[in-house]
Amino acid sequence: MLKFRNIDATPEDPVEKWGVMGILSAFERGGVEDWRKIWRSVNADRSQKVAAAVAHVKGMLESGDVG
């Protein structure tokens, strides 16, 4: 079960409220259902904010720039 630390959102909140650190936590410690929730949010988010946050997390993971 995914849990967040040091952010003002919970995994039950919409992904839009997770921010970069919540999405990073989901990629690192979450499961398939968490990843599906992110995917659904990316597809539903007309403003592209979730997609931008996912792209930022992807860059962090690829560069090794995570704590």
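**Before you start.** The model is predicted; local features need pLDDT of at least 70, side-chain atom pairs count only at pLDDT 80 or more, and totals for chains, interfaces and linings use all residues. Residues are numbered from 1 along each chain as its sequence is written, and side-chain values use heavy atoms, with hydrogens and water left out.

You will find three helices and zero strands. Helices are DSSP runs of H or I of at least four residues, strands runs of E of at least two, numbered from the N terminus. The order along the sequence is α-α-α. The radius of gyration is 11 Å, close to the 11 Å of the globule rule for 67 residues, so the chain is as compact as a globular protein of that length. That radius is taken over C-alpha atoms, and the rule is 2.2 Å times the number of residues to the power 0.38.

**Switch to the surface.** The chain exposes about 4700 Å², with 53% supplied by carbon and sulfur atoms (Shrake-Rupley method, 1.4 Å probe; for residues, only the protein chains shown count as cover).

**Now select Phe4 and Trp18.** Their rings form an edge-to-face aromatic pair, 5.2 Å centre to centre, with 75 degrees between the planes. Rings of Phe, Tyr and Trp (its six-membered ring) pair if their centres lie within 6.5 Å; planes under 30 degrees apart are stacked, over 60 edge-to-face, the rest tilted. Both residues sit in the segment before helix 1 (19-29), 14 residues apart. Phe4 is buried at 13% relative accessibility. Trp18 is buried at 3%.

Terms used
Buried < 20%, exposed > 50% of the residue type's maximum accessible area, 1.4 Å probe, protein only.
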